[in-house]
Amino acid sequence: MRTPTARPGARETSEPAPSVSSWWPTAAPNEVSANASPASPRASATKPPAHNPQLARIAEAVAAERMEVLLEPIQALTEGRTRHFEVSVRLLTADGATLEQSDFARAAQGSGLMPRIDAERMIRAARVARRLGERGRHGSVLSAIAGESLADAEFVGTASANPGDGRMHLVLSFAQSEVRNFTAGHAEALAQLANVGFGFALEEVTDLDMDFGGLKAMGFEFVKLDAPIFLEGLAAPGGGRVPAPDICRHLSDFGLTLIVGRIEDDWLLARILGFGVLFGKGTLFGGPKLVKPEVVATPAAAA
């Protein structure tokens, strides 16, 4: 992480405002200041994508709330039961296409659209967590979030208004490549979210050249690795590779819990268990399943 000279929420204002399509959610400046609520990502105007058909399809799907939610169990491997869950979403475009989370996140990165998407995604994760808690579940619900969303005050306000219910803990996951570039402004946003009950996870990890003690102090709880990467080992800060069993020990020394993904068969599970991994997910445990629309609908719509 590096120390900034300015907070990441600062935005340039010299660009001319682009034309806005009829489906893009906007509000007049006086309406935003008078009526905006941090609990709703729709409260503020969002800059529409300029001359990018794919971004336009993504933005229209988000504005129309054509978003499917999937829930994947995270298994406690030694206990043989589900302890945590991970929420992901996919978008349904106006032309009938389905955009998976990895696809729309890659396309929308840096466009200014990700905070809006992440707010909607996080709200749905909170509703899923609430429903699981009502059913007597205890654990964590993880959801991937773009690092750039932490620089957006509207997203942080929305997240702060939608913490977990105490039984199911909400955990926001960030890619290692983004966490490396977190600034003091990002750290401030993480502290605000941690104060209302959020936890954090590191994903898309490629090496162990990180201040894991610092991450733990900021509220990070989990590190996610796919099985092939875990079994191959991770690059060590001084060169070479850290083998799988040492990865577990290294992370546990900092109080971080490893979750290994893409566990697809019993042979892979046996190998991973032999290295001391406590939690895993993948098709062997069912994989992601669609959540019923009424579970993630707004309270008024669900009533």
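**Exercise 1. The core**

Which residues have the most contacts inside the largest nonpolar core, and how many residues does that core have?

*Solution.* The model is predicted. Step one: take the size. The largest nonpolar core has 75 residues. Step two: pick out the residues with the most contacts inside it. They are Phe174, Phe220, Phe230 and Leu258. Step three: ask which element gives the largest share of this core. That is H4, with 10 residues. Another core, of eight residues, lies apart from it, and includes Val171, Ala201, Ile259 and Phe279. For background: in soluble globular proteins, nonpolar side chains tend to be buried together.

**Exercise 2. The surroundings of Phe174**

List what Phe174 is in contact with, leaving aside its neighbours within four places in sequence. Then sort out its aromatic partners.

*Solution.* Step one: list the contacts. Phe174 is in contact with Ile145, Ala146, Gly147, Leu150, Val179, Phe182, Leu190, Phe200, Ala201, Leu202, Glu203 and Phe220.

Step two: turn to the rings. The whole structure holds five aromatic pairs. In one of them, Phe174 and Phe182 sit 5.7 Å apart, centre to centre, with 80° between the planes. Planes over 60 degrees apart count as edge-to-face, so this pair is edge-to-face. Both Phe174 and Phe182 are buried.

Step three: take Phe174 with Phe200. Their ring centres are 6.3 Å apart and their planes stand at 50°, so this pair is tilted. Phe174 belongs to strand E5 (residues 168-175) and Phe200 to strand E6 (residues 199-203), so the pair ties together parts that are 26 residues apart in sequence. Phe200 is buried, as is Phe174.

Phe174, Phe182, Phe200 and Phe220 make one aromatic cluster.

**Exercise 3. Two helices**

Work out how H4 and H5 run relative to each other, and which residues meet.

*Solution.* Step one: read the geometry. The axes of helix H4 (residues 114-134) and helix H5 (residues 153-160) come within 9 Å and cross at roughly 5°. Step two: apply the cut-off. Angles under 35 degrees count as roughly parallel. H4 and H5 are therefore roughly parallel to each other. Step three: name the residues. From H4 come Pro115, Asp118, Ala119, Met122 and Ile123. They meet Phe155, Thr158 and Ala159 of H5. Step four: class them. The contact of H4 with H5 has six nonpolar residues, one polar and one charged.

**Exercise 4. Positive phi**

Find where Glu204 and Arg262 lie, and decide how exposed each one is.

*Solution.* Step one: recall the background. Most residues other than glycine have a negative phi. Step two: take Glu204. Its phi is positive, near 55°. Glu204 lies in the loop between E6 and helix H8 (212-218). Its relative accessibility is 56%, so Glu204 counts as exposed. Step three: take Arg262. Its phi is also positive, near 60°. Arg262 is placed in the loop between strand E10 (257-261) and helix H11 (266-274). With a relative accessible area of 44%, Arg262 is partly exposed.

How values were computed. Residues are numbered from 1 along each chain as its sequence is written. This is a predicted model: local features need pLDDT of at least 70, side-chain atom pairs count only at pLDDT 80 or more; totals for chains, interfaces and linings use all residues. Side-chain values use heavy atoms; hydrogens and water are left out. Rings of Phe, Tyr and Trp (its six-membered ring) pair if their centres lie within 6.5 Å; planes under 30 degrees apart count as stacked, over 60 as edge-to-face and the rest as tilted. Buried means under 20% relative accessible area, exposed over 50%, partly exposed in between (1.4 Å probe, protein chains only). Helices (H or I, at least four residues) and strands (E, at least two) are DSSP runs, numbered from the N terminus. Axes are lines fitted to C-alpha atoms, for helices over the stretch in contact, and angles run from 0 to 180 degrees between N-to-C directions. Angles under 35 degrees count as roughly parallel, over 145 as roughly antiparallel, 65 to 115 as roughly perpendicular and the rest as oblique. Contact means heavy atoms within 4.5 Å. Ala, Val, Leu, Ile, Met, Phe, Trp, Tyr, Cys and Pro count as nonpolar, Asp, Glu, Lys and Arg as charged, and the others, Gly among them, as polar. A nonpolar core is a set of buried Ala, Val, Leu, Ile, Met, Phe, Trp, Tyr and Cys residues joined through side-chain atoms within 4.5 Å.
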